Amino acid sequence: MKIEDEIKSTVELNLSKKIILNIMYTQNILSEKFNEVLKPYELSGEQYNVLRILRGQKGNPANMCVIQERMVAKTSNTTRLVDKLLLKELVTRNVCPDNRRKIEVLITQKGLNVLSELDPKVIEHENALTSNLNAEELEQLNNLLEKYRNQQ
């Protein structure tokens with residue numbers, strides 16, 4: 001369905017506006033569907049992102065700056081996200097022994113177990129969302145999105 005039909009626009013939209021609206025509309029759909037995958041685990045997409053970042057540290061702690069730099073949503077409140085993960089016992093938080101102003105965050109075994117359980121569900125979800133495009137179209141879409149994003 002065309003974006004004009006999705007949003008029930010009654011005016012002619014120029015191509016730039018269609019593209020922006022299409023990206024924003026599609027991002028909302030992607031977020032909603034991904035949140036459905038995470039809902040049984042009582043995780044938000046941002047919390048999941050933090051856990052993935054910490055797992056990528058391979059047993060080494062990450063400070064708040066490292067987490068913030070690697071977040072998909074750069075405007076996320078990292079401290080609040082870590083606090084919520086701490087309450088769920090998915091991460092630990094300690095003062096850095098070398099620099100007492102730094103807080104180090106580490107994923108717990110429980111956090112790793114949650115990610116291990118989620119991994120196949122996330123892969124299935126991603127595959128389902130891209131199943132209507134062939135490999136060439138997926139590559140083209142990825143290249144165009146990167147080109148668009150990197151103009152900033």
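**Helix H7.** I looked up helix H7 in this predicted model (helices being DSSP runs of H or I with at least four residues, numbered from the N terminus), and its 15 residues, 135-149, should span 21 Å at 1.5 Å a residue, which agrees with the 21 Å between its end C-alpha atoms; the expected span is 1.5 Å times one less than the number of residues. At the N-terminal end of H7, I found Asn-134 as the cap, with a side-chain oxygen 3.0 Å from the backbone nitrogen of Glu-136.

Residues are numbered from 1 along each chain as its sequence is written, and side-chain values use heavy atoms, without hydrogens and water.

**Domains.** I then took domain 1 (1-41) and domain 2 (42-119), with bounds from an automatic or database domain assignment. Seven residues from domain 1 and eight residues from domain 2 make the contact (heavy atoms within 4.5 Å), and the domain centres, taken over C-alpha atoms, are 29 Å apart.

**Interface.** The buried area between domain 1 and domain 2 is about 650 Å², with 66% from carbon and sulfur atoms; this is accessible area (1.4 Å probe) lost on putting the two parts together, summed over both. On the domain 1 side, Phe-34, Leu-38 and Tyr-41 lose the most area to domain 2, together 84% of what that side buries.

Technical notes. This is a predicted model: local features need pLDDT of at least 70, side-chain atom pairs count only at pLDDT 80 or more; totals for chains, interfaces and linings use all residues. Helices (H or I, at least four residues) and strands (E, at least two) are DSSP runs, numbered from the N terminus. A polar contact is a pair of N or O atoms within 3.5 Å; within protein, one must be able to donate a hydrogen and the other to accept it, and residues adjacent in sequence count only if both atoms are side-chain atoms.
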